[in-house]
Amino acid sequence: MSSKISRRKFLGTSAIAAAGLTVVPSSVLGKSMGYTAPSDKLNIAGVGVGGMGFANLKNLESQNIVGLCDVDWKYSQRVFDHFPKAKKYYDYRKMYDELGKSIDAVVVATADHTHAIIAAEAMTMGKHVYVQKPLTHSVYESRLLTKLAKKHKVATCMGNQGSSRPGVRQVVDWISDGQIGEVTRVETFTDRPIWPQGLMTPKEVHKVPQTLNWDLFIGPANKRPFNNVYHPWNWRGWWDFGTGALGDMACHILHPVFKGLNLGYPTKVQGSSTMLLNDCAPNAQMVKYIFPRRDNLPKVAMPEVEVYWYDGGLLPVRPEGVPAGKNLNDQGGGVIFYGTKDTLICGCYGVNPWLVSGRNPNSPKTQREVTLSHEMDWVRACKETPENRVETASPFSEAGPFNEMFVMGVLAVRLQSLNQELEWDGENMRFTNIPADANIRTIIEDGFKITDGHPTFKKTWTEPVNATEYANELIKHTYKNGWKLPEMPK
């Protein structure tokens, strides 16, 4: 051993390496080692803290919450009061500039349309990121975050907390053990939306509250006048900001499907809905996906499978053998796996899985048990080196491709006027069978009214646009107002 390295220092650094830690707990380096121990807490910043972000941060308050950013300071006041030592910001870019060197990790819980840019900038700075569901607003953004996470070797997690719960693990174990046989059809549903949808664009312009920076809320989307129908919270039903019920709930409901059946890119998709407006998600919709055959598992084959999604009150046909009166809506939705041996049903977040036959198999446990909260399991991963890291329950390597699945389903709904099953090239993020001369028009205003007892139908439509160009814009948004995403890594 070099005389320049003391035995004590050698033992200390060896202990760190063996533990695979990047943030070193005081139990590893303490006064007995001759060091002033670095904090074993992460310095975490939150962006979009007024809603679900507050719940995430409360689950992380054992760490150092150093920065809070939200475009609406009235909506976020309770959060500021809860974390009085954290610095407050309207603009996350200013927070990154001022606190960047001291931040270890970022929680992103803004409206869907700004998830990607905030998370992408954090990852390029080498920060670990936790992003609320849906991971992104578009297919391209999902692919970008997946690749950035791999490039920068940061710990990542999407906020689909059911992935950390035992129900999803039980579903995966039963399927992989062959307990329900080969699955060729899955039907899923949610009781959402619980926010307004199917609305025409408001004509009234409201005064922007003094505590709200509306331009920062708009971010990379098209500029529009402020109206109270958009904010707070109700943004989810508006296409420019959210992804409707499918984007909101599929990450919870379809996760055991995606994980249990080893799904990748679908090959075909078709959507339909109640009246489709240009600006706002419909009241109810249905999407059908077709996934190709996957590699067989040791105990069960993985044939081509059809996956159906319903929302807005639409429900799948009730399976045979389900007890009369039993409500299949469990915590906001349900999943029905039709296997050749049995039918498996679970609720939203994969909760309470059960077999229609009544059996309760004792299948081998194949999935990692998560003993921490969803957020604190991410903290655990943040503190481990990339070489020794045990991934979170929903890392971007899985959450990214998964998110691509359901935001592409949103596109199928928005392209439904083509009246065809759309073929999807997942690798290249494009539809391959849209006719070259096909156009898309969407409804701006319904125009239905009754005059002297007689109904009149005078819908106002957008000008027709080329369907392929329209689809490509939905796949990869053009960022407006000077906002720009990082380049896609090779």
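This is a predicted model: local features need pLDDT of at least 70, side-chain atom pairs count only at pLDDT 80 or more; totals for chains, interfaces and linings use all residues.
User: Which residues of helix α4 are buried, and where do they lie around the axis?

Analyst: An α-helix has 3.6 residues a turn, so residues three or four places apart point the same way. Helices (H or I, at least four residues) and strands (E, at least two) are DSSP runs numbered from the N terminus, and buried means under 20% relative accessible area, exposed over 50% and partly exposed in between, with a 1.4 Å probe and protein chains only. In α4 (residues 92-99) the buried residues are Tyr92, Met95, Tyr96 and Leu99. They cover an arc of only 100° around the axis, which puts them on the same side of α4; the arc is that of the directions from the helix axis to the C-beta atoms. These buried residues pack against β1 (43-47), β2 (64-69), β3 (87-89), β4 (105-108) and α5, where contact means heavy atoms within 4.5 Å.

User: How many residues of α5 are buried, and what follows the helix?

Analyst: Helix α5 (residues 115-124) is mostly covered, with eight of its ten residues buried, among them His115, Ile117 and Met123. After α5 comes glycine 126, whose phi is positive, near 85°.

User: What is the strand order of the open sheet, and which strands are its edges?

Analyst: Two strands pair if DSSP finds at least two bridges between them. The open sheet of nine strands has mixed pairing and the order β15-β14-β13-β7-β12-β9-β8-β16-β17; its edge strands, β15 (354-355) and β17 (430-431), each pair on one side only. Within this sheet, β7 (residues 183-190) and β12 (residues 305-310) run parallel and are joined by five bridges, and glutamate 187 has tyrosine 308 in β12 as its bridge partner.

User: Is threonine 343 buried or exposed, and which residues does it contact?

Analyst: Threonine 343, in strand β14 (residues 343-347), is buried, with a relative accessible area of 13%. Leaving aside neighbours within four places in sequence, threonine 343 is in contact with Ile336, Phe337, Tyr338, Trp354, Leu355 and Val356.

Note on methods:
Residues are numbered from 1 along each chain as its sequence is written. Side-chain values use heavy atoms; hydrogens and water are left out.
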